[in-house]
Amino acid sequence: MTEQGVRWTAEQVLALAPDAASRKAGGRLGGAGPWSQIGGSASGSVWGLCKGSGSTPYRTVVDLAGPAYKCSCPSRKFPCKHALGLLLLWSAEGVGEPGEAPDWAAQWLAERTAKAARPAAAAGGPADAEGARRRAERRAARIGAGVTELEQRLSDLLRAGLAGQERAGHAGWEETAARMVDAQAPGLAGRVRELGTIPSCGPGWPARMLEEAALLHLLDRAWLGVEALPDGLAATVRSRVGLPASGEGEAVRDRWLVLAQYDSVSPDGRLTTRRIWLRGLGSGRPAMVLDFGPPGRPPGLALPVGLVLEAEVRFRPGSAGLRGDLGERFAAAAPCTEVPPGVSTGAALEAYGAALREDPWLESWPVVLGPVVPVPGELGWQLADAQGAYALPVPLTGAGSRSRGGLWQLAALSGGGPVTVFGECGHRGFTPLTAWRPDSIEPVPLV
């Protein structure tokens, strides 16, 4: 079941496919080309007409609360490729503003609503709860089988050694990723694909591949023992594997400062992810808001750096309490009139370490450093405490490394003096995203 207002990723949609052929066909229908009369409702349903081989388009409607599907095509697969394509379109770019469903979609949705309103003996009671439990057990069993297969693949990798991976290419890992999608574990599939691309990432790839394989093994073992984990860590493991969040997280109303915003593209080029970092000025709590866009089209949500929003953010279970969804806004946005307070490099590492206890797969933690001085060295740039003996390296890979212009911009902004810098602190160092001059409240985006 999906939470209202929470958009799925493409991997989560494709995990619903009954087989590899449906997954491939649904992917081809995930663009707006063959679709017309696309729409959606605020209550959580989407519909559209998909052009087929005949003169009459196929009528497709999806109730996101199930999810449940209805399509006029003759396919016996469930969901069919048209339902998958419509869900992919919804997950990537939405379906416009909520509107009124056409008669053919409204009739089916009304029938589902009426069924849900029947007495507990017919629906919504013990029988429904038992059915949901059995479905969850079947999915858990499929994921468990996929995890066992993945563990064998990782064992084979270590037994044979890493030396041949550069020549082997990533086709074998793509096949393994597809098996994880078949096992309804899209989170594992994404990590496997990333693992397969590491040998082509340049010098130092064996160490990085070994690190990623170890983290993948840790996630496998955590899933196999998830029932014995504390609730918070268990929610993180389920989220990392790719299960939708169960239940609603904490809702926090605050004045949220937009600290940074940047885009990244998936390895297959099919999805653009926009990451927006927020910080509550009252609570001091960080929040990460994600939005997605299809190929060639940017995500819809755009928040200028330095803006302050009085809004509610609903945090999702797991993810070390970072991932949130931007909800109702209570006032017009306004520029921030102060520079956020910074911490030392040591405090930044302590914050990242504390977050790792809640989510061992967390690559980084949002931190405002300051005052720090950008310092060049033989192994690259570092951000050194203005008053202290410690520094954090700036990694050569990450959000801020797509253009070295951002790093030189930071050096020019500093002029050899202290600055305040927001970025992501992780196991490879600190990636700067936004900076402030000592004499200015204007933020300077570095990505």
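Me: Let's start with Glu174: is Glu174 buried, partly exposed or exposed?

Reply: Residues fall into classes by relative accessible area: buried means under 20%, exposed means over 50%, and partly exposed is in between (1.4 Å probe, protein chains only). Glu174 has a relative accessible area of 32%, so it is partly exposed. Keep in mind that this is a predicted model, in which local features need pLDDT of at least 70 and side-chain atom pairs count only at pLDDT 80 or more, while totals for chains, interfaces and linings use all residues. Residues are numbered from 1 along each chain as its sequence is written, and side-chain values use heavy atoms, leaving out hydrogens and water.

Me: Which residue forms a salt bridge with Glu174?

Reply: In general, side chains of opposite charge can pair when their charged atoms come close. The cut-off for a salt bridge is a side-chain nitrogen of Lys or Arg within 4 Å of a carboxyl oxygen of Asp or Glu. Here the partner is Arg193, with the closest N and O atoms 3.3 Å apart. This pair ties together distant parts of the chain, 19 residues apart: Arg193 sits in helix 8 (residues 186–197) and Glu174 in helix 7 (residues 171–182). Helices are DSSP runs of H or I with at least four residues, strands are runs of E with at least two, and both are numbered from the N terminus. Arg193 is partly exposed, because its relative accessibility is 22%.

Me: How many salt bridges does the whole structure have?

Reply: A search finds 12. One of them joins Arg285 to Glu250, with 2.9 Å between the closest N and O atoms. Those two are 35 residues apart: Arg285 is in the loop between strand 6 (272–280) and strand 7 (286–293), and Glu250 is in the loop between helix 10 and strand 5 (251–265). Asp325 and Arg316 also meet in a salt bridge, at 3.0 Å from N to O. With a relative accessibility of 16%, Arg316 counts as buried.

Me: What angle do helix 9 and helix 10 make?

Reply: Two packed helices are described by the angle between their axes and the distance between the axes. Axes are lines fitted to C-alpha atoms, over the stretch in contact for helices, and angles run from 0 to 180 degrees between N-to-C directions. Helix 9 (residues 205–224) packs against helix 10 (residues 231–241) at about 120°, with the axes 10 Å apart. That makes helix 9 oblique to helix 10; under 35 degrees is roughly parallel, over 145 roughly antiparallel, 65 to 115 roughly perpendicular, and the rest oblique.
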